[in-house]
Amino acid sequence: MVVCIDSHNFDFLSMQNEVIDCISLKSKPYTTEAISKLFSKYEGVENDCRLATDQAFRVTLGKILYPSNNHLHHSDKNDISEKEMDKCISQYEELLDYVIIHAKEQFCTKNLPILLLSDIFDTMTLCDCEKMFKYIEKNVSVWNAEPFFSTGKNHLLRMCNDMLRRLSKSQNTVFCGRIQLFLAQLFPVEEKSALNLMSNFHLENVTLFKTEKLDFDEIQPNDSVEDRELVNNPVDYNLYIKFWTLQDYFVNPSKCYTKEGWNLINTNISEVLKIFTSFKLEFNVRKRKSIDMPIDVDQIKQTANNYFAKYLTNEKLFNFQLNDSNFRRNFLVQVLILFQYLSGTSKFKAPNQVLNDTQTNWINETTDIVYNSICETPPDGKKFCETIKHILSREENWINWKNEGCPSFAKVKSSTETEVAPKKAKRSIGDDFVLNQSKKINMGTLELTRLWNLNPDNLASAKVESRLKFLPNLKDFFEKAIEQADPNAGIEDEYKLVKQPNFQWRALRLLARRSDHFFTPSQTPFKALPEYLSSVIENISKDMTKDKPSCDSKSLENGELTRDYTT
């Protein structure tokens with residue numbers, strides 16, 4: 001029996017406790033059967049039941065977050081072991097799976113799973129957040145689907161941005177990248193919340209370096225051997241200033257369109273590229289003094305791939321930086337990105353931000369030099385160069401897409417396409433060639449139309465008796481040609497049938513089927529076609545004169561020819 005309860009008399013705590021009991025008794029596979037019975041019991045107050053269910057899940061989560069026996073907080077890293085933390089993460093995942101199936105059936109609010117995730121991440125350390133984030137990545141298909149995407153996408157975005165603010169961009173690069181990839185999978189490509197719609201530059205990214213020559217401290221000859229070990233070409237103050245000044249123009253490329261800015265990048269980039277060209281790197285590992293401490297190359301590569309700190313601008317480090325392949329590559333890629341912006345088209349550029357022919361030619365020539373320098377920079381210079389070219393070519397597509405106003409990539413069917421056309425009955429292959437008495441098939445020309453419509457059924461017309469005997473006999477076909485071959489006829493050669501291509505082709509076809517003269521062996525060289533036909537016609541005429549039937553037997557009339565090739 002179903003009991004109807006007035007919403008004013010709804011016992012919120014009673015419903016909450018009953019849901020908590022159902023959660024504690026849950027067993028895999030998870031179902032909504034237990035809580036759905038409670039909703040049937042409290043029929044008529046679904047909204048209140050839904051709120052009570054939300055609170056029950058929050059209370060259950062609080063028991064996992066803050067156990068009553070020790071009241072531990074996850075920020076107290078020294079008070080909880082890694083094993084206990086893994087156990088808590090497993091409990092979080094089980095609870096969230098249980099909440100998700102109830103949210104799909106509308107037994108709780110749609111965005112409750114995402115709100116619980118936010119509460120969990122707010123109480124965890126960064127190391128634990130990285131472990132828990134695997135659950136979010138694993139269920140990206142769940143967050144992309146309804147009802148979670150429309151109601152919870154902003155909560156997910158806020159939660160991820162909160163974690164990014166807590167993370168270090170130089171030390172937690174892998175985790176930051178995972179969060180960015182998740183957001184890229186979650187939102188469609190044309191989502192404008194992640195786009196720099198106005199093409200603003202990150203002007204806050206300022207590179208500080210020494211600009212006064214008095215503050216510049218060059219490496220002296222009496223410095224330690226370790227400081228001078230990798231210095232093949234001492235770097236002076238001018239090269240140091242030219243190199244680091246370019247960072248201001250990389251950050252704000254619009255400054256390059258001024259006369260002063262263009263002259264500066266032209267001079268400074270050319271100077272730095274000359275240094276790179278004159279001093280090429282070799283891929284080798286620096287030897288240590290102690291033989292007992294070998295260098296783990298794999299560990300060095302792994303550290304370089306997982307750590308991206310901003311380069312220091314100390315003048316004593318500059319010599320070592322020029323001998324670093326990653327340092328060179330970063331600079332060269334910066335130059336290519338700058339050139340792509342300067343020579344490219346963007347609707348956000350000012351009308352006067354256009355390069356002349358001289359500037360464009362310099363960029364094209366310098367681009368080739370930069371690519372050559374990248375190829376010569378170890379390790380795997382050519383492979384790295386091809387990768388950069390591929391990335392920049394894809395960037396051109398995104399630039400064009402942005403110039404067009406970021407249109408959606410989803411293909412929308414037009415109104416005419418959405419209308420379902422009635423299906424036509426499938427016809428057999430021969431139906432298209434069957435004629436009705438009231439319909440005539442037009443083949444494009446009068447003669448083809450006449451020939452095609454001679455018979456209403458083309459298959460039947462092919463079986464007509466008159467078509468079975470389509471080969472003429474030799475006498476009838478060559479009769480006129482024999483008369484023309486007579487010298488007494490007085491017909492000039494150019495007017496004879498043997499000179500006509502149509503007659504030549506038909507004569508050869510007929511001779512091959514009905515005349516032995518076609519296969520007569522001869523030791524003489526090949527004759528011209530008119531001469532050959534004239535000789536054959538002469539032989540046929542002699543046969544006809546002797547009343548010797550050459551090939552007009554019944555077998556020949558039926559299109560067959562029996563010859564004895566033994567003679």
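In this predicted model, helices α23 and α24 lie oblique to each other, since helix α23 (residues 501-514) and helix α24 (residues 529-545) pack at an angle of about 50°, with their axes 11 Å apart. The crossing of α23 and α24 is left-handed. On the side of α23 the contact is made by Q504, A507, L508 and L511, while α24 contributes L529, P530, Y532, L533, V536 and I540. Sorted by class, this contact of α23 with α24 comprises 9 nonpolar residues and 1 polar residue, with no charged residues.

A search of the whole structure finds 0 disulfides. For C375, the closest cysteine sulfur belongs to C385 and lies 3.5 Å from the sulfur of C375, which is too far for a bond because a disulfide requires the two sulfur atoms to be within 2.5 Å. C375 is partly exposed, whereas C108, another cysteine, is buried.

K316 is placed in helix α14 (residues 315-322) and is partly exposed. K316 and F216 are 100 residues apart in sequence, yet their C-alpha atoms are 9.1 Å apart in space.

| Residue | Relative accessible area | Class |
|---|---|---|
| C108 | 1% | buried |
| K316 | 31% | partly exposed |
| C375 | 31% | partly exposed |

Technical notes
Residues are numbered from 1 along each chain as its sequence is written. This is a predicted model: local features need pLDDT of at least 70, side-chain atom pairs count only at pLDDT 80 or more; totals for chains, interfaces and linings use all residues. Side-chain values use heavy atoms; hydrogens and water are left out. Axes are lines fitted to C-alpha atoms, for helices over the stretch in contact, and angles run from 0 to 180 degrees between N-to-C directions. Helices (H or I, at least four residues) and strands (E, at least two) are DSSP runs, numbered from the N terminus. Angles under 35 degrees count as roughly parallel, over 145 as roughly antiparallel, 65 to 115 as roughly perpendicular and the rest as oblique. A crossing is left-handed if the near helix is turned anticlockwise from the far one by less than a right angle, and right-handed if clockwise. Contact means heavy atoms within 4.5 Å. Ala, Val, Leu, Ile, Met, Phe, Trp, Tyr, Cys and Pro count as nonpolar, Asp, Glu, Lys and Arg as charged, and the others, Gly among them, as polar. Buried means under 20% relative accessible area, exposed over 50%, partly exposed in between (1.4 Å probe, protein chains only).
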